[in-house]
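Hi,

Here is the structure I promised to pass on. Please open it first, then read the notes below.

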Amino acid sequence: MGSLRAKGWTAPPGDPASLKRCVSPTDVPRVTWIWVLALGAAGSLAYALLTGPVEAPLAAAVVYLALGALGLVGTAVGAARLPLRAAAPWWCVTAMQLAWCAVDIRYLVLTTQGAYTGAPAALDMPYLIGYPPLLVAVLLLLRRARSARPPGALTDAAVLGVGLALLGWAALVGPVLHAYPDNAQARLGATLFLACDVVLTVLVVVLLASSPRAPASTWLALAAALSGMLGDCAYLVGDLVPNGVLVVLAVGWTASSTLWAAAALHPSAGRSPVDPEGENPGGTGTSTAGFAPRRIAAMIGGVALAPVSLGIDLVVNRGSSSLPAVLASSAMSLLVVGRLAVALRTTAASLAEREEMRRALEHQASHDGLTDLPNRSTAVARIETALDGARRDGSCVGLLFIDLDGFKAVNDSRGHRAGDQVLRTVADRLAQCLRPGDTVGRLGGDEFVVVLSRLAHGDPGDDGALRTLLMIGERIVAVVAEPIVLDDGDVVSVGASVGAALGGSLHQPDTADALLHEADTAAYRAKAAGRGRVELSGGFPIKPPGLR
């Protein structure tokens with residue numbers, strides 16, 4: 001903030017930025033996390049050399065504490081540059097770093113006094129206080145990613161967690177239990193450390209499973225969790241492995257501290273933990289089955305850990321942990337079955353959603369967007385279908401071509417919104433004039449068409465078909481002419497010039513385009529003859545009495 005004040009910048013009164021940010025993001029270079037990683041790698045290498053070949057415990061302790069301080073400062077700076085909501089998880093990580101730095105100092109002081117016995121004892125138990133804030137941090141990140149989490153993510157992570165727990169039990173906890181049969185604190189410490197590491201790793205795996213595009217900060221958090229687990233392996237096995245292996249494992253602690261700092265300092269730390277661009281990919285609320293390659297690999301790896309753990313148990317513990325292996329394998333089998341059930345349900349939901357989308361697209365392609373009536377292509381197809389049926393059963397097909405009178409004046413004087421409302425109202429009124437099985441469609445603009453199928457059924461000859469056709473035409477003229485009340489309270493009126501035509505087995509034309517042309521020509525004559533009337537197409541020798 002000093003650089004900003006030097007340039008004369010001050011937060012305006014009440015500006016949320018002055019309350020939500022302690023440090024401006026511009027104060028932390030975007031490459032700081034890379035320098036932290038580089039320093040952490042160099043420091044971890046120095047720690048390994050000083051602990052192993054060089055055998056300089058005091059210098060190693062200084063390097064270890066310096067790396068812990070680097071991790072603490074890095075996470076604090078990374079959290080301080082973010083808004084409060086985005087910074088909350090990283091402040092929890094900072095609390096973890098602070099707790100472990102304090103315990104490290106206590107540990108080094110006590111070990112210089114000879115208080116460390118070489119077994120996981122009460123001296124090491126205070127390190128457990130760092131896990132609650134760390135778990136809370138991951139849970140906060142999971143809460144932010146909740147809307148994007150695919151179905152089955154928790155089950156996938158549980159399979160991996162059971163596998164990791166079984167592997168840790170066979171390879172780490174089992175040897176400790178055998179080496180210290182009378183040390184209850186050692187046995188409890190080994191179990192608690194393993195449980196915390198497994199839960200932490202599983203939660204980070206769930207976070208990664210929430211999106212195929214997890215940001216770099218989430219991957220750095222996973223690396224930090226795995227590195228911490230590696231360091232805890234060194235704690236659990238202690239003197240049970242060669243010193244060289246112990247040194248390599250212990251480097252996991254120093255790497256974990258700097259990896260958490262790099263994750264907090266990374267530019268993606270303040271974004272959504274499931275999207276590197278800061279946008280939530282889950283827009284529809286419905287996900288696919290979620291069998292991405294990453295999640296399949298996690299499930300296969302978790303299941304494969306069971307036989308691997310059993311083999312390790314046979315070699316290291318001589319089969320004494322076979323019961324946990326059987327229980328873990330049974331639990332994983334149930335989890336896999338449950339995961340398949342989730343996948344089947346999700347797949348069924350996805351298929352139903354796609355079918356609904358397909359139907360919606362088909363409806364959109366075949367219907368008018370304003371009135372929701374069949375559009376021109378659909379209306380022509382239905383005329384063809386009606387003509388085919390008429391040719392089979394010897395009936396007639398009637399067609400009414402409706403051209404609105406006075407619509408242009410309303411549309412020009414009142415605006416397109418009023419014109420759209422008039423068209424929707426006319427469409428509703430036309431639908432009320434039809435018989436079951438008839439069709440009304442919008443050809444475009446202010447032109448509509450009504451298709452009347454099987455007119456001759458139940459009618460006494462051709463006169464009955466004409467009477468039905470023209471009676472419906474007259475009804476349409478009457479209902480369209482009724483006043484229309486607009487949304488703003490104004491009242492407008494339009495009329496209808498209707499052209500009527502018959503087609504089918506007893507009449508020409510017998511194609512949709514020709515019949516539509518005949519009705520259109522008749523509507524033109526109706527408009528020329530004074531509007532607001534029904535006009536028959538030419539070629540009808542019989543006109544029922546009372547019809548124009």
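**Helix 13 and the rest of the chain**

Start just past helix 13: Gly 394 there has a positive phi of about 75°. Bear in mind that this is a predicted model.

Now step back into the helix itself. Helix 13 covers residues 376-393, which is 18 residues. At 1.5 Å a residue it should span 26 Å, and its end C-alpha atoms are 26 Å apart, so the two values agree. Which residues of helix 13 are buried? They are Thr 378, Ala 379, Val 380, Ile 383, Ala 386, Leu 387, Gly 389 and Ala 390.

Next, the record. An unreviewed UniProt entry lists "transmembrane region" for residues 31-50, 56-78, 90-109, 121-142, 154-177, 189-209 and 216-238. I have figures for two of those spans. Residues 56-78 are 96% helix and 0% strand in the model. The end C-alpha atoms of that span lie 33 Å apart. Residues 90-109 are 100% helix and 0% strand. Here the end C-alpha atoms are 29 Å apart.

Finally, the whole protein. It has 17 helices and 7 strands. The protein has 548 residues, and 48% of them count as buried. Its accessible surface is about 26100 Å². Carbon and sulfur atoms hold 64% of that surface. How much of the contact set comes from residues 24 or more positions apart? Among contacts with a separation of 6 or more, such pairs make up 74%.

Best wishes

Note on methods
Residues are numbered from 1 along each chain as its sequence is written. This is a predicted model: local features need pLDDT of at least 70, side-chain atom pairs count only at pLDDT 80 or more; totals for chains, interfaces and linings use all residues. Side-chain values use heavy atoms; hydrogens and water are left out. UniProt positions are given in the numbering used here, feature names are shortened, and annotations may be inferred rather than shown by experiment. Helices (H or I, at least four residues) and strands (E, at least two) are DSSP runs, numbered from the N terminus. The expected span of a helix is 1.5 Å times one less than its number of residues. Buried means under 20% relative accessible area, exposed over 50%, partly exposed in between (1.4 Å probe, protein chains only). Contact means heavy atoms within 4.5 Å. Accessible areas come from the Shrake-Rupley method with a 1.4 Å probe; for residues, only the protein chains shown count as cover.
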